[in-house]
Structures are given as C-alpha cells and as structure tokens.
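Here are my notes on the model you sent over. Have the structure open beside you while you read, and take the points one by one.

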Amino acid sequence: MAETTTSEIPALEILQKCPSGIKGLDEITSGGLPLGRPTLVCGGTGCGKTLLAMEFLVRGTTEYDEPGVFMSFEEKSEELTKNFASLGFDLNELVAREKLLLDYVHIERSEIEETGEYDLEGLFIRMGHAIDSIGAKRVAIDTIETLFSGFSNEVTLRSELRRLFRFLKGKGVTAVITGEQGERTLTRFGLEEYVADCVIFLSHQVANQIATRRLRIVKYRGSAHGTNEYPFLLDEQGFSVMPISSIGLDHPASVDRVSTGIPRLDTMLEGKGYYRGSSILVTGSAGTGKSSIAAHFVDAACRRGERCLYFAFEESRNQIIRNMRSIGLDLGQWVDQGVLEFRNSRPTLYGLEMHLVVMHRAIEEFRPAIVVIDPISNLLSAASEMEVRSMLSRLIDYLKMEEITAFCTALTVGGAAGERTEEGMSSLMDSWILLQSLEGAGERNRSLYILKSRGMQHSNQVREFCLTDNGAKLRDVYVGSGGVLAGAGRMAQEAREKAEALERSQEIECKQRDLERKKALVEARIAALRIGFQSEEDELERAISRGKLQSEVVAQDNLDMGRARDADAMPPPEGNTSTNGKGGGR
Amino acid sequence: MSETDRNDAPLLFRDMIGEFELALEESGTGNYLLRLYVSGMTPNSIRAIENIRKICVEHLEGRYQLEIIDIYQQPIFAKEGQIIAAPTLVKELPPPLRKFIGDLSQTERILVGLDLRKK
C-alpha cells in the first residue's frame with residue numbers, strides 16, 4: 001500500500017542535476033549542474049572559465065552522449081580547436097561527428113551603427129538553430145559580456161539577456177555562461193542578476209610567488225553544495241577539482257594490522273604493528289633515521305605484495321634507493337616489480353593545493369595500500385603553517401577514507417625535539433614515533449620511543465635505534481643509576497656491570513666453597529665421634545652381657561643349692577634376683 | 001593593372017583580383033549591395049523594411065541591390081552573416097563592410113554610414 005501511495009503522489013520536485021563529468025565538480029555540487037538551467041561561471045582573466053565551459057561540453061558528448069553547442073564571443077572556432085588540442089580534446093572530430101557545434105559570434109563595434117530599436121533575435125535564432133541542428137543538450141556561452149562592448153543600448157541588452165536565459169531554459173538545455181570578474185560584482189556587467197540558479201567562481205591567486213587556482217560555488221539554488229574554496233588543477237587531462245575538505249570524519253576503522261618492518265618495533269606495538277589505514281607520524285631532528293623507518297615499512301609492505309607510493313620532497317628516487325641499500329634494504333627491486341613508486345618533487349615547485357591535487361591524482365592512479373610522505377615538514381617552504389595543516393588534514397582524511405596507511409615523517413628543529421610538530425600535525429596522527437638524539441660520552445645516539453599509538457597498548461620504553469648493515473635494530477637502552485645511556489656509553493656501562501657481576505659471582509663461589517669445606521669438616525668430626533661412640537658401645541654391651549651371664553649362673557647355683565636342701569618351691573627367679581641384689585650390671 | 005600582369009598572377013589570385021576589380025568598378029559607379037536581415041514580420045522588421053526602401057529610392061535610385069532575408073526562415077544566414085541583432089542592415093558593397101542595427105529610423109546616421117552624406 002505504501003508503495004502505491006508514494007507512486008501516485010507526485011514526488012516533490014527535486015532539482016534534477018546534469019553531471020558535468022568534470023573531476024570533482026560533481027562531488028561538490030552533489031551531482032552536477034542544475035539540469036536544464038543556466039550556470040554562471042565567473043572569474044578573472046586566465047582562471048580557466050573557457051576551459052571549464054568547454055570541458056563541460058566535451059565530457060557531455062564523450063561520457064553522457066549529450067551533444068553541445070559552444071557559442072564563443074571571444075575566440076574563433078579554429079583558435080578554440082587549437083587551444084583545446086593541447087588538452088587532448090579533439091574538437092574537430094567531435095564537430096565532424098555532429099556532437100559539438102562551435103559558433104563564433106563576431107562583434108566589432110566599429111562596424112555597427114545603431115539606428116533605432118532592435119533586439120537580439122539574430123543571436124536567439126543562431127542559438128536555436130545550433131541547438132536544433134545537432135539536438136544539443138548542453139550549451140556554453142563564452143563570454144556573453146562581449147555584447148556590452150558591441151552595443152550601447154544597455155536597457156535593450158539587459159532585457160534581451162534576461163530573455164536569452166529564459167529562452168535557454170525553455171529549450172531545456174543545461175547552459176554554462178562565463179563572465180569576467182567585476183570590481184565589486186561577481187561579473188563586470190552583473191550577469192549574476194540573470195543567471196541565478198548556480199554561480200561558480202574561479203580564482204587564481206598568487207601567494208609567495210606560487211599560484212593556486214581555486215573554485216567556489218557561490219550559490220546553488222535548491223541544492224546543498226560545498227561552500228569552501230576548492231583548489232583545482234588544469235593540466236593535460238583537463239579540469240580537476242579536489243573536493244577534499246568535504247570529507248567528514250566517518251571513515252572506516254580497520255582492525256587489521258600491518259608490520260612496521262622492524263620486528264622489535266612491532267613488539268613495542270603489541271607485537272602486531274600499526275593499524276591498517278591509520279596515520280603514522282615519525283618525527284625527529286636531522287639524521288635520526290626517519291626515512292629509514294619509512295623504508296623498512298615500505299620494504300615490509302612490498303614483501304607482502306602491497307603497493308606503496310612514496311612522495312619524496314627531499315631526495316631523488318635514486319638517492320633514496322642508494323641510501324637504503326646501505327642499511328641492507330633493496331627498494332630498487334620493488335620499483336622494478338612495480339609495487340613501489342616514487343614521486344619526487346620540490347615543495348616549491350607549485351602551490352600546496354597543487355601538491356595535494358597532484359598527490360590525489362597519483363594515489364588515484366596507483367591505488368597504493370601505503371603512502372609515504374617524506375617529509376611533510378618540507379611543505380612548509382611552500383605555504384604557511386595553517387595551510388599546511390589544512391592540506392594535510394584533508395589528505396589524511398582522504399587516505400583514511402580509502403583505507404590507505406599514511407606514513408609521514410617530519411623534521412623537528414634543534415636537539416631538544418619537543419613533543420610538538422611544527423605543523424601542529426600530531427593530533428591528526430594515530431601513531432607517533434619520536435626519534436631523538438641522545439648526546440653523551442662524545443657521541444650522538446639515536447633513541448626511539450612511541451609517543452602515542454591510538455587504540456593499542458604500546459610500549460612505554462625508550463629504545464636505542466641502531467642502523468646496521470642488516471637494517472634498523474632496536475636495543476634496550478641502559479636505564480639505571482647512570483641515567484639513560486645509549487651507544488658506547490651503554491656498552492661501557494654494560495661492560496662495567498658485567499665485570500661487577502663477575503666479581504660478585506666469584507665471591508659467591510668462594511663462599512660456597514668455604515661452606516662446603518666447613519660442612520666436610522663437620523661431617524668428618526661427626527664420623528670420628530660416631531666411631532668412638534661405637535667402640536664404647538660395643539665394650540659396654542659386652543660388659544652388660546657378661547654381667548647378665550654371671551647373674552644367671554648365680555641364680556642357677558642358688559636353685560641347685562635349694563634343690564639340694566630340698567627346700568619348698570621357690571618363687572620365680574626374678575624375685576630372687578631382686579632380693580639378692582646381684583642382677584644389676586651397671 | 002594591365003592584361004599581362006593579370007595573366008602572370010597565379011590562378012588563385014586571378015579570381016580574387018577579378019572580384020576586387022569588379023568591386024572597385026561597382027563602387028566607382030556607386031553600386032550598392034545591401035542585405036537586410038529581419039526576424040519575421042515584427043513591427044521593427046516592418047519599419048526597417050519601409051525605411052530602407054525609402055532611403056534607397058530617395059538616395060540610391062538605379063544603383064543598388066537590396067536583399068531582404070528572414071532569418072527565421074533561413075537561420076543559417078544568421079550564422080554566416082554574423083547577425084546578432086535584428087533587424088540588421090549590412091552594407092556588403094561598397095567596402096568597407098558596415099552594419100546598421102535597429103529599425104533604421106535614424107535616416108541621417110544611415111546616410112552618413114552609407115557615405116551618402118558627409119558628417
């Protein structure tokens with residue numbers, strides 16, 4: 001029943017959307033541009049308006065089979081074709097297949113004389129004819145404001161513009177109209193008054209000599225949309241917007257664990273390693289072995305057959321491979337097998353947002369299980385702290401969404417590596433390993449401890465971190481009366497302790513032997529005494545038996561004598577012995 | 001330009017030269033080629049047609065050719081003639097090309113634009 005009622009009642013007229021096909025734009029607009037309505041794209045010179053408009057059409061034909069009309073007021077059709085060939089769009093081919101129609105509208109003020117009332121019916125007819133001739137579903141108009149330079153009667157022009165947009169709506173085409181940025185208004189001639197359904201603003205800002213392109217949805221009637229400024233990229237693959245900050249905190253949390261590649265470090269993390277899909281930060285001052293820990297992690301992952309993507313901002317690919325060979329890790333083999341890929345670039349090569357976009361794209365292309373960013377602190381040279389933080393949080397959010405384990409290293413300045421990263425990144429990270437240099441006894445030694453690791457009972461111990469020919473090793477540090485010692489200091493202390501222990505054990509042995517000796521002595525004495533006692537006992541026993549014998553003989557004699565006297569019956573011999581008093585042998 | 005020069009010129013240019021000379025000839029004789037693009041029979045269109053006819057009769061008698069094109073019926077001409085506004089009068093000949101938009105009610109401006117009257 002419920003089903004029939006819902007189908008009978010006309011569903012609430014929800015705004016239909018037209019997927020633009022432009023990477024990322026459909027995500028921020030949650031589905032695309034308003035279907036059958038015009039959208040205004042405005043921005044300054046060279047911000048990519050024309051490109052967005054054209055890509056909207058090209059994607060429309062290639063991905064959604066919707067033919068498009070491009071009405072250009074600025075560039076001739078041949079120029080457009082040439083310009084877009086460099087982006088890999090073959091406009092000629094689309095035109096030949098009647099999927100795309102390019103119409104260049106030439107306006108030359110000097111040729112035009114106004115001699116009375118007029119309207120822009122010519123434009124309407126051209127537009128209508130173009131749409132009908134290829135059955136276009138999409139229209140781009142670039143840049144209609146040129147009309148304002150060609151015609152002086154602004155009143156007519158404005159009313160005609162209004163009519164044009166109504167006309168487009170009536171035609172049911174989804175249109176993209178571009179407009180040049182004005183001084184106080186979004187567009188120079190206030191086009192936003194007419195195109196009110198969706199307004200997209202593009203900007204191209206230069207900060208610290210690094211240019212970043214950004215896109216913002218100013219308004220979108222009848223639809224939720226991301227309101228932030230999103231960076232976007234123009235390259236040989238066209239337009240891509242990164243809707244990164246739109247990701248919420250609802251990423252999956254895996255209980256799966258991945259080995260760190262260093263057995264004892266695994267032990268410190270409940271014996272299992274990091275959580276899959278978590279974010280790991282390794283901080284430390286220069287030369288504490290951050291990259292080595294990363295390399296171990298990567299090596300272990302590659303060994304399991306997982307794909308790794310390594311973003312290096314400091315060293316070249318070959319340098320990393322060479323350096324890691326010195327601790328017995330051959331990363332080159334993984335590169336050859338295609339499970340490991342390096343992306344090396346200087347942080348200052350382009351803006352931070354661009355880095356993010358490039359990384360995004362690389363991740364999407366390579367589909368890794370693990371991403372290493374070595375180091376994140378270098379990105380600071382490209383932007384301010386706040387920007388780096390926002391960029392990294394977006395990146396990490398994205399990686400978590402994709403259940404990719406993120407491994408970041410960060411350089412901390414100065415020996416007193418505090419529990420704080422410059423980027424304020426620590427709160428973003430699930431596990432934080434701190435590497436420190438311990439200075440003492442004329443040397444520096446590396447120490448490692450786990451500052452935090454969310455969701456597990458990690459070890460609270462400081463370990464000495466040694467880089468050997470066979471990889472990184474963790475050793476217990478000496479913790480005792482002499483403080484925390486590592487390296488040679490620890491060895492010396494250990495040797496000292498060994499000597500002390502040896503001495504102690506020798507002493508004990510000595511005492512034990514003493515005891516043995518004493519025991520033997522006592523036992524010998526006991527034996528001698530026992531022997532003496534035995535001989536005495538023998539003698540006494542002999543005397544007793546002799547005495548007994550004598551008293552028996554006496555009793556017999558008395559009996560014999562009594563018998564001889566014929567006496568009365570005698571009491572038993574015991575009574576006799578007591579009266580006689582002669583039985584005692586003692 | 002002599003005959004021999006013309007024959008020496010490459011074939012492609014010969015036509016262009018011919019066209020150019022023809023145009024020159026026409027402009028010399030003061031022949032006008034005018035095209036009026038209208039969008040159906042709107043009041044503006046009707047006024048424009050009346051106005052241009054009047055101007056032609058009064059000022060260009062015997063040396064003009066006027067074509068009236070309804071872009072509703074032949075929309076392709078709108079594209080080819082680079083027509084935006086309607087009505088539009090295009091002076092194809094003599095050069096330079098000039099466009100007059102509107103109902104052609106401002107006769108003085110048209111006459112100046114057609115080089116029929118000095119400013």
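This is a predicted model: local features need pLDDT of at least 70, side-chain atom pairs count only at pLDDT 80 or more; totals for chains, interfaces and linings use all residues.

1. Strand β1 of chain B covers residues 32-38, and strand β3 of chain B covers residues 88-93. The two run antiparallel and are joined by five bridges.

2. Now zoom out to the sheet they belong to. It is an open sheet of five strands, and reading across it you get β6(A), β4(B), β3(B), β1(B) and β2(B), in that order. The pairing is mixed. Notice the chain letters: β6 comes from chain A, while the other strands in that order carry the letter B. At the edges stand β6 of chain A and β2 (64-70) of chain B; each has a single partner strand, so one side of each has no neighbour in the sheet. From one strand to the next, the twist averages 20°.

3. A helix belongs in this picture too. Helix α3 of chain B (residues 43-59) packs on the sheet and touches β1, β2 and β3 of chain B. Its direction makes about 170° with that of β1(B).

4. How do the two chains join up in the sheet? β6(A) pairs with strand β4 of chain B (residues 98-101) in the parallel sense, over three bridges.

5. Next, the whole interface. Chain A brings 25 residues to the contact and chain B brings 27 residues. Between them the chains bury about 2300 Å², with carbon and sulfur atoms giving 54% of that. On the chain A side, the residues that lose the most area to chain B are A:Glu111, A:Glu113 and A:Thr115, which together make up 29% of what that side buries.

6. What kinds of polar links cross the interface? The rule finds 17 residue pairs in polar contact, both at pLDDT 80 or more. Looking at where chain A's side comes from, β5 (100-104), β6 (112-114) and α6 (121-134) of chain A each supply at least two residues. The largest share, six residues, comes from α6(A). By type, that side of chain A has 12 nonpolar, five polar and eight charged residues.

7. The rule also finds two salt bridges between chain A and chain B. In one salt bridge, the side chain of B:Arg47 meets that of A:Glu117, at 3.8 Å from N to O.

8. Salt bridges turn up elsewhere as well: over all chains the structure holds 32. Have a look at A:Asp197 and A:Arg37, whose closest N and O atoms are 3.0 Å apart. A:Asp197 is in the loop between β8 (174-180) and β9 (198-207) of chain A, and A:Arg37 is in the loop between β2 (33-34) and β3 (38-43) of chain A, so the pair ties together parts that are 160 residues apart in sequence.

9. Strands β20 (residues 431-440) and β21 (residues 443-453) run antiparallel, joined by 10 bridges. A:Leu435 stands opposite A:Leu448 in β21(A). β21(A) is also joined by two bridges to β22 of chain A (residues 463-468), again running antiparallel. There, the bridge partner of A:Leu448 in β22(A) is A:Arg463.

Key. Residues are numbered from 1 along each chain as its sequence is written. Chains are lettered from A and ligands numbered from 1 in the order in which they are written. Side-chain values use heavy atoms; hydrogens and water are left out. Contact means heavy atoms within 4.5 Å. Buried area is the accessible area (1.4 Å probe) that two parts lose on being put together, summed over both. A salt bridge is a side-chain nitrogen of Lys or Arg within 4 Å of a carboxyl oxygen of Asp or Glu. A polar contact is a pair of N or O atoms within 3.5 Å; within protein, one must be able to donate a hydrogen and the other to accept it, and residues adjacent in sequence count only if both atoms are side-chain atoms. Helices (H or I, at least four residues) and strands (E, at least two) are DSSP runs, numbered from the N terminus. Ala, Val, Leu, Ile, Met, Phe, Trp, Tyr, Cys and Pro count as nonpolar, Asp, Glu, Lys and Arg as charged, and the others, Gly among them, as polar. Two strands pair if DSSP finds at least two bridges between them. Axes are lines fitted to C-alpha atoms, for helices over the stretch in contact, and angles run from 0 to 180 degrees between N-to-C directions.
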